[in-house]
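Here is a short briefing on a protein chain. Look over the sequence and the structure, then read on.

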Amino acid sequence: MASSRNVDTVGSFSQEQILGIGRTGVVVRRGELAIKLPLKWSTSSDEEVEANIESLQHEQSIYKRLGKCDGVVPFLCFSETATTLRVMENGDLRSYLRQKRPPKYLQLSWFRAMARTLAYIHERRIIVADIASRNFLLDSSLSIKLCDFTESIKLPLDTCIEKADFGGYSIRTDIGQLGSVMYEVVVGEKCEFDIFKDISPELS
């Protein structure tokens with residue numbers, strides 16, 4: 001497990017460098033680049049770090065499947081333990097909405113871009129599974145880009161995407177999650193979307 005030992009711990013980065021910390025990864029800023037690394041705390045075991053490396057590599061495979069897509073945060077290069085992305089200067093949508101109320105024309109522009117991007121992702125036979133305002137980023141011109149595909153499901157390219165269902169996730173749950181993001185943009189309040197809310201524990 002040499003790769004685990006080559007991953008820097010979160011504590012080795014300053015607060016100013018860290019752009020975000022997720023369940024399996026940390027994103028740090030290096031100049032105009034955003035580097036996503038496997039999450040590693042000082043207390044993390046090798047097994048935990050290896051699982052986070054696998055999650056990172058799964059996400060890299062999603063980026064490769066998508067290729068260059070205007071509505072997805074641009075990736076620049078990959079390595080075994082790092083994904084290099086372009087920095088989005090205005091941060092994530094959720095944080096932006098806490099500080100500002102976007103005008104209607106900008107909201108509509110975002111909604112069109114979100115819908116086009118999701119349609120393309122589904123054409124590439126990918127179910128995002130984790131669409132949330134924290135996973136939309138804004139560049140210097142306030143164009144909106146989707147990021148974070150660690151939870152996404154990559155299906156065979158010959159899959160009938162309209163019928164695909166993976167553990168309860170489908171294009172319908174993606175659309176529902178996107179609707180909750182649009183609600184949050186319009187109303188200014190987070191809208192929870194739980195696909196398992198009405199399922200009894202025995203069936204989930």
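Ala129 is buried, at 8% relative accessibility; buried means under 20% relative accessible area, exposed over 50%, and partly exposed in between (1.4 Å probe, protein chains only). This is a predicted model, in which local features need pLDDT of at least 70, side-chain atom pairs count only at pLDDT 80 or more, and totals for chains, interfaces and linings use all residues. Residues are numbered from 1 along each chain as its sequence is written, and side-chain values use heavy atoms, with hydrogens and water left out.

**Backbone angles**

- Ala129 sits in the loop between β6 (126-127) and β7 (136-138). Helices (H or I, at least four residues) and strands (E, at least two) are DSSP runs, numbered from the N terminus.
- Ala129 is not a glycine, yet its phi is positive, about 75°.
- Asp148 also has a positive phi, near 70°, and is a residue other than glycine. Its place is the loop between β8 (144-146) and β9 (153-154).
- Most residues other than glycine have a negative phi.

- Domain 1 brings 16 residues to the contact and domain 2 brings 19; contact means heavy atoms within 4.5 Å.
- Domain 1 and domain 2 bury about 1600 Å² between them, with 57% of it on carbon and sulfur atoms. Buried area is the accessible area (1.4 Å probe) that two parts lose on being put together, summed over both.
- Ile62, Arg65 and Leu66 supply 39% of the area that domain 1 buries against domain 2, more than any other three residues.
- The rule finds three salt bridges across the interface of domain 1 and domain 2. A salt bridge is a side-chain nitrogen of Lys or Arg within 4 Å of a carboxyl oxygen of Asp or Glu.

**Salt bridges**

- The whole structure holds eight salt bridges.
- Lys36 pairs with Glu59 in a salt bridge (3.0 Å, N to O). Lys36 lies in strand β3 and Glu59 in helix α2, so the pair ties together parts that are 23 residues apart in sequence.
- Which residue forms a salt bridge with Lys36 at 3.7 Å? Asp148 does, by the closest N and O atoms. Asp148 is in the loop between β8 and β9 and Lys36 in strand β3, so this pair ties together parts 112 residues apart in sequence.
- Lys36 is buried, with a relative accessible area of 10%.
- Asp70 and Lys145 form a salt bridge, with their closest N and O atoms 3.4 Å apart. The two are 75 residues apart: Asp70 in the loop between α2 and β4 (75-79), Lys145 in strand β8.
- Asp70 is exposed, at 65% relative accessible area, whereas Lys145 is buried, at 10%.
- Arg29, Glu32 and Glu89 are linked in a network of salt bridges.

- Thr117 is found in helix α4 (residues 104-123) and is buried, with a relative accessible area of 7%. Leaving aside neighbours within four places in sequence, Thr117 is in contact with Cys69, Gly71 and Val72.
- Ser44 lies in the loop between β3 (33-38) and α2 and is buried, at 18% relative accessible area.
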